[in-house]
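Please look at the sequence and the 3D structure shown here before reading on. The report that follows goes through parts of the fold one after another.

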Amino acid sequence: MATSKFDYLISKVYTTHDLSQRLQFLKNYLKVQIFGDKDTKNFSSENIAWFSTLPPDFTKDINKDNIDQIFADLEKETKNIKSLVVFIPTEFPSQTVKDITNKLRIDYGPNFLIDLKIDPNLIAGCSLVWNGIYKDYSLRAKINESREDV
């Protein structure tokens, strides 16, 4: 049950940060709904709009007896997701993040996220960490490589 929910959630987010935020929101929002408090003013309109895009049957089997276990299972599954750490000099527009992640999903499978980190010291490029291996593809790295030649 949690796996199909997880697969759906993964398909609708693009970064590890987004996944974490959506899971936290979803759990809190459902608890408010399940335990009778219909006051949703503490939730952002963006999150409520996102919730309305979920399939109608997405939450039908979640109740007060299993909500904590379902979300514990979902959070456990997040630890198995491969993510590419991407250091960038400034924030990317959300469409760019979506495009990058979708391209990586085509190449590496649907359960793939990026973990964006801002490094203002980078110049014109990015650096990546995959499986603990760091590669710097920025202009800063090229300049540092060429320092001895200058």
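Asp115 has its place in strand S2, where strands (E, at least two residues) and helices (H or I, at least four residues) are DSSP runs, numbered from the N terminus. The model is a predicted one, in which local features need pLDDT of at least 70 and side-chain atom pairs count only at pLDDT 80 or more, while totals for chains, interfaces and linings use all residues. Residues are numbered from 1 along each chain as its sequence is written, and side-chain values use heavy atoms, with hydrogens and water left out.

**Asp115 and its surroundings**

Asp115 counts as buried because its relative accessibility is 19%; buried means under 20% relative accessible area, exposed means over 50%, and partly exposed lies in between, with a 1.4 Å probe and protein chains only. The side chain of Asp115 makes a polar contact with the side chain of Thr16 at 3.2 Å. Such a polar contact is a pair of N or O atoms within 3.5 Å, of which, within protein, one must be able to donate a hydrogen and the other to accept it, and residues adjacent in sequence count only if both atoms are side-chain atoms. Leaving aside residues up to four places away in sequence, Asp115 touches Thr16, Ser83, Leu84, Val85 and Val86, where contact means heavy atoms within 4.5 Å.

**The sheet**

The open sheet has 4 strands in the order S2-S1-S3-S4, with mixed pairing, and two strands are said to pair if DSSP finds at least two bridges between them. Its edge strands, each of which pairs on one side only, are S2 (112-118) and S4 (133-136). Neighbouring strands of this sheet are turned by 20° against each other on average, direction ignored.

Strand S1 (residues 82-88) and strand S3 (residues 127-130) pair in the antiparallel sense over 3 bridges, and Val85 has Val129 as its bridge partner in S3. Helix H5 (residues 94-108) packs on the sheet, where it touches S1 and S2, and its direction makes about 140° with that of S2. S3 and S4 also pair in the antiparallel sense, over 4 bridges, and in S4 the bridge partner of Val129 is Tyr134.

**Two loop residues with positive phi**

In general, most residues other than glycine have a negative phi. Ala124 is not a glycine, and yet its phi is positive, at about 45°; Ala124 is found in the loop between S2 and S3. Asn131 is likewise a residue other than glycine with a positive phi, near 50°, and it belongs to the hairpin of S3 and S4, which has 2 residues between the strands.

Helix H2 (residues 16-34) packs against H3 at an angle of about 85°, with the axes 11 Å apart. Axes are lines fitted to C-alpha atoms, for helices over the stretch in contact, and angles run from 0 to 180 degrees between N-to-C directions. H2 and H3 are therefore roughly perpendicular to each other, since angles of 65 to 115 degrees count as roughly perpendicular, those under 35 as roughly parallel, those over 145 as roughly antiparallel and the rest as oblique. The residues that make the contact are Arg22, Phe25, Leu26, Tyr29 and Leu30 of H2 together with Glu46, Asn47, Ile48, Trp50 and Phe51 of H3.

The axes of H2 and helix H4 (residues 67-78) come within 11 Å and cross at roughly 175°, and H2 and H4 are therefore roughly antiparallel to each other. On the H2 side this contact includes Leu19, Leu23 and Lys27, and on the H4 side it includes Phe71, Leu74 and Glu75.

**Residues of helix H3**

Which residues does Trp50 touch, not counting residues up to four places away in sequence? They are Leu9, Lys12, Arg22, Phe25 and Leu26. Trp50 and Leu26 are 24 residues apart in sequence and 9.7 Å apart in space, C-alpha to C-alpha. Ser52 also lies in helix H3 (residues 45-52), and its side chain reaches the backbone oxygen of Ala49 at 2.6 Å.

| Residue | Relative accessibility | Class |
|---|---|---|
| Trp50 | 9% | buried |
| Ser52 | 58% | exposed |
| Ala124 | 63% | exposed |
| Asn131 | 58% | exposed |
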